[in-house]
Amino acid sequence: DTMPTFPSHWAGISGKIEEGETPYHAAQRELSEETNITETVEERGGLYLDVPYVSPRTQEERIIRVYPFVVHVPAERIGSSSSALELRGTEHDRYQMITVDQLEEMKTECV
């Protein structure tokens with residue numbers, strides 16, 4: 001609810017690839033900017049998906065290139081009071097760990 005661009009939507013860790021940065025390095029940087037996860041992002045060898053997008057504010061249509069990434073976070077990091085996952089900044093106000101099947105079954109809109 002705190003994110004002004006997409007309030008009340010589920011959103012994964014994401015961000016822009018900076019000039020001179022690879023998608024892999026951008027994923028690692030965004031993960032550390034938005035969470036306290038320090039585990040290494042796995043490079044996925046150039047996989048990407050072009051997703052049509054319409055800005056809710058301007059109604060501008062464009063294509064966003066999405067590079068999925070994987071990070072294996074040990075189970076003890078999730079929910080452990082001493083090393084629990086923390087969200088940083090203002091882009092997210094809560095999180096939920098889900099499986100790919102659960103993601104596909106979600107009835108709410110994701111961005």
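## Burial and basis of the report

A residue is termed buried under 20% relative accessible area, exposed over 50%, and partly exposed in between (1.4 Å probe, protein chains only). By this rule E30 counts as buried because its relative accessibility is 8%.

This is a predicted model, in which local features need pLDDT of at least 70 and side-chain atom pairs count only at pLDDT 80 or more, while totals for chains, interfaces and linings use all residues. Residues are numbered from 1 along each chain as its sequence is written, and side-chain values use heavy atoms, with hydrogens and water left out.

## Salt bridges

The structure holds five salt bridges, each being a side-chain nitrogen of Lys or Arg within 4 Å of a carboxyl oxygen of Asp or Glu. R29 forms one with E21 (2.8 Å, N to O) and another with E30, where the closest N and O atoms are 3.0 Å apart.

A further bridge joins R65 and D50 (2.8 Å, N to O). This pair links distant parts of the chain, 15 residues apart, with R65 in strand β2 and D50 in strand β1; strands are DSSP runs (E, at least two residues) numbered from the N terminus. R65 counts as partly exposed at 41% relative accessibility, and D50 is likewise partly exposed at 36%. Through shared partners, salt bridges join E18, E21, R29, E30 and E33 into one network.

## The aromatic pair

There is one aromatic pair in the structure. Ring centres must lie within 6.5 Å, and planes under 30 degrees apart count as stacked, over 60 as edge-to-face and the rest as tilted. The rings of Y48 and Y67 are tilted because their planes stand at 55°, with centres 5.8 Å apart.

Terms used
Rings of Phe, Tyr and Trp (its six-membered ring) pair if their centres lie within 6.5 Å; planes under 30 degrees apart count as stacked, over 60 as edge-to-face and the rest as tilted. Helices (H or I, at least four residues) and strands (E, at least two) are DSSP runs, numbered from the N terminus.
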